[in-house]
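Dear colleague,

Please find below the structure I am handing over to you. I would be grateful if you could look through it alongside the notes that follow.

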Amino acid sequence: MIQNNLESIDFLIQESYALLSRLNQVKSFDLTISSVEAAKVSREAYQGIQILLDKGKRELFSKVNHFIQVLKQQQKINTSIRPDEWQSAFSLLKLRFNTLLDELDIFADVLNQRSEHTTGIWLAGLDVFAKDSLTLPKQYYSIPPLVCYLDRGHGAAIRRARTKLPGGHNNPVAVIRLPRERMIGSGIASSLVHEAGHQGSALLGLVSSIRPLLSAKAEQSIIYRIAWSLFGRWIGEIISDFWSVARVGCTSTLGLINLVSLPRYFVMRMLPDKPHPFPWIRVKISAAIGKALFPHPQWLDLEALWEELYPLHPSDHSKNTLIKQLEEVLPEFVSLLINHRPESLQGKKLVDIFPLKDIQPARLSYLFKKWQSGQLDIYQLKPCTAFAMLGQARFHKQINAFAESEWITRLLSHWALKRAENKEPLCFQKKLTRNNKLIEIKNFEYEY
């Protein structure tokens, strides 16, 4: 019996050595990832990923080696050993090994795409854009490293920085996953900034701050209790949609329309237990936020367009009743949202922390005319402003889809190259110089 037990222990020792052998094959990304300089992730992001994986490898090497040494000691003592107990301990080591590989795969998916022709450059440019979308005039938080990658599927997603990875470690970077089918014109901005908004919202603690206020509204209201309860359930996604509209204007709503333009059944399907508003009302919420932040007739045009594409059917009486209640509460809800004062904003309202003057519709129109006349270099615009300008111009039929996509490709390449040169993209200033002439750039407010 003792001999059989010793053979079992010897088997576990050899299996442990096999784990160490496989662990030795987990190489640094320096040795496995090839991409041109402009396509690489930021140094900060890369270092965070590499430090995380090195730490995980060291921890696992130490645990497996300790396990082997203990087993060898048991062999020398030659006492009664229960192989099932040691097998149980080995199984836990193996699970820990698998979670390390899971963490490796998360970042390998991100970094491998940087070697794809054209795609790698786009992604590096999107990294810069994502950072700009989280950059506020005043520093309310430290922006974590952000990296983007493409994947199959309809929706975008984010693995936020400072959340737990499969192995229990804190994620050192925010990983934004974008569907390949979203790489169409400025529509990519809607998804990317929405996901970045989840990170910003978490850093500011917005959801936990505002949700109790919505619960109180639901308790106080009899007629609109369901409507306020739904807004409370959806608030996490709505805040991210708000972030997107606040950073890229109507480009966000247009991108959302593109995203949720599905067969009518899915657009009108209400799943109250889901975190997202159902598509029809989600577009209306986005337009209502835009109307509050950037007063302009274009939001009425967007709403009218949406209602023409997906008109309400009189036969859907119960559904229409709920939609009517949501729409009646919507102005009060948007007002509560944009005027919310969480502790993290040091007395400021949510609406106050975004550079809204940069993308007021009239100002974007002014910038577009200056650009078209050759008096403004589009590469001097901040990424959010550039996307906002192009999206609005496309909506107003000032450029077509081909021109929009061409300029977005150029911008992404420009931002990627600037970062590779250790330079941030040139920021938009109050005054720009072109051809030795001084151009005054004014801030516009639209009365409506």
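The chain has a mean pLDDT of 84, with 88% of its residues at 70 or more. In residues 424-448, however, the pLDDT falls below 50, although the model gives this stretch 59 contacts beyond near neighbours in sequence. Where pLDDT is low, the predicted coordinates should not be read in detail.

Three strands form an open sheet in the order β1-β3-β2, and their pairing is mixed. The edges are taken by β1 (146-151) and β2 (157-159); each has a single partner strand, so one side of each lacks a neighbour in the sheet. On average, neighbouring strands are turned by 25° against each other, direction ignored. Between β2 and β3 (residues 174-179) the pairing is antiparallel, over 3 bridges, and Ala157 stands opposite Arg177 in β3. Helix α4 (residues 83-112) packs on this sheet and touches β1, β2 and β3, its direction making about 80° with that of β1. Helix α5 (residues 119-134) lies across β1 and β3, at about 130° to β1.

Helix α16 (residues 401-420) spans 29 Å from its first C-alpha to its last, close to the expected 28 Å. At its start, a side-chain oxygen of Asn400 comes within 3.1 Å of the backbone nitrogen of Phe402.

With kind regards

Terms used
Residues numbered from 1 in each chain as written. Heavy atoms only, no water. pLDDT = per-residue confidence, 0-100. Contact = heavy atoms within 4.5 Å. Pairing = 2+ DSSP bridges. Helix = DSSP H or I, 4+ residues; strand = E, 2+ residues; numbered from the N terminus. Axes fitted to C-alpha atoms, helices over the stretch in contact; angles between N-to-C directions. Expected span 1.5 Å × (residues − 1). Polar contact = N/O pair within 3.5 Å; in protein donor to acceptor, adjacent residues only side chain to side chain.
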